[in-house]
Amino acid sequence: MTTTVSFTAATAVGPREVSVAYERTGSGEPLLLIHGIGHHLQAWDPVTRILTADHEVIAVDLPGFGTSPALPDGVPYDLPTVASVLGAFCAELGLDRPHVAGNSLGGLLALELGRTGVARSVTALSPAGFWNEPERRYAFGTLRAMRRAALAMPLPVIERLSRSAAGRAVLTSTIYARPGRRSPEAVVAETLALREATGFHATMAAGRGVSFDLGVKGVPVTVAWGTGDRILLRRQGIRAKRALPDARLVRLPGCGHVPMNDDPALVSRVILDTSR
């Protein structure tokens, strides 16, 4: 069940009250799951049951995505601010240095939480921030095109497409290597999440100058990349390894940009191996 909590977080413009939606299940050491831009916490549904065998799992909707409200007016969606919000969220829920796994934007945020000492371990799945400028422009252009398509389609068209494997491929093959495995209900929900994401444009604007090259010290880090990633190309994993020489670099064969749906067992194993 999704719950929303409000708390005060330090931001670039001073302390502000922020609200974040999340789901919490299982028991054990806490594991925070962070989705990518335009997605929502349900992106983690394929792996949640497996992860709860070892962890208390907290999947979060980032501010301005899913059912989390947008950040207050004037608060930027930049990396330090959103990471600060997540740190305050962890403090509010009493999560003492959780393990953190993130995908895409969520992977970049997970690394930042590791760098700042909030995370006990980090698993970054196709994390943002290891691109060169042409690769960044390509990724951002692809994401904007996906959002324009989602905005252009009436709900009955989305629902009709979701009922067939071919239609689900039309809607989600950019992020999944195996879109036919996604349920019709999940495809409709994530398409709507993309078009209704109030934080989309501000997050994209904040991401133009982002690169992660500061390193993460003192915590286990795994960077994993789908071999079929069509948004953040897998060669960016080599740059991630150079920037994070102590990290473990793992390939996810046959997986796309959001690998949790393509191979839940493999992705879960990678996360659990890191947290252990």
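Strand S3 (29–34) is mostly covered, with five of its six residues buried. Here, buried means under 20% relative accessible area, exposed means over 50%, and partly exposed lies in between (1.4 Å probe, protein chains only). Strands (E, at least two residues) and helices (H or I, at least four) are DSSP runs, numbered from the N terminus. The model is predicted: local features need pLDDT of at least 70, side-chain atom pairs count only at pLDDT 80 or more, and totals for chains, interfaces and linings use all residues. Residues are numbered from 1 along each chain as its sequence is written, and side-chain values use heavy atoms, with hydrogens and water left out.

S3 pairs with strand S4 in the parallel sense, over six bridges. Two strands count as paired if DSSP finds at least two bridges between them. Within this pairing, Leu32 stands opposite Ile58 of S4. Glu29 stands opposite His55, also in S4. Strand S2 (residues 16–26) runs antiparallel to S4 and is joined to it by six bridges. The bridge partner of Glu23 in S4 is Ala59.

S4 itself is largely enclosed by the rest of the structure, because seven of its seven residues are buried. The side chains of S4 divide between two directions. His55, Val57, Ala59 and Asp61 point one way, while Glu56, Ile58 and Val60 point the other way. All of these residues are buried.

The whole protein contains eleven helices and eight strands. Its radius of gyration is 17 Å, close to the 19 Å that the globule rule gives for 276 residues, so the protein is as compact as a globular protein of that length. The radius is taken over C-alpha atoms, and the rule is 2.2 Å times the number of residues to the power 0.38. Along the principal axes, the C-alpha atoms fill a box of roughly 45 × 40 × 40 Å. Buried residues account for 55% of the 276 residues.

Among contacts between residues at least 6 apart in sequence, 71% join residues at least 24 apart. The protein exposes about 11000 Å², and carbon and sulfur atoms supply 53% of that area. Accessible areas come from the Shrake-Rupley method with a 1.4 Å probe; for residues, only the protein chains shown count as cover. The mean positions of the 30 positive and 24 negative charges are 8 Å apart. Lys and Arg count as positive and Asp and Glu as negative, without His or the chain ends. Each charge is placed at NZ of Lys, CZ of Arg, CG of Asp or CD of Glu.

Helix H3 (residues 105–115) is mostly covered, and ten of its eleven residues are buried. Among them are Leu105, Leu108, Leu109, Leu111 and Leu113, together with Glu112. The buried residues of H3 pack against several elements. The strands are S3, S5 (99–103), S6 (121–125) and S7 (221–226). The helices are H2 (79–93) and H8 (200–206). H3 is followed by Gly117, whose phi is positive, near 85°.

Two residues other than glycine also have a positive phi. Most residues other than glycine have a negative phi. Arg97 is one case, with a positive phi of about 45°. Arg97 lies in the loop between H2 and S5. At 35% relative accessibility, Arg97 counts as partly exposed. Ser104 is another case, with a positive phi of about 60°. The place of Ser104 is the loop between S5 and H3. Ser104 is buried, with a relative accessible area of 8%.

Two further loop positions were examined. Ala53 sits in the loop between helix H1 (45–51) and S4 (55–61). Ala53 is exposed, at 64% relative accessible area. The C-alpha atoms of Ala53 and Leu272 are separated by 10.0 Å, although the two residues are 219 apart along the chain.

Gly254 lies in the loop between strand S8 (248–252) and helix H10 (259–262). Gly254 is partly exposed, with a relative accessible area of 29%. Gly254 and Arg178 are 76 residues apart in sequence, and 8.3 Å apart in space from C-alpha to C-alpha. Not counting residues up to four places away in sequence, Gly254 touches Ala177, Arg178, Thr227 and Asp262.

Notes: Contact = heavy atoms within 4.5 Å.
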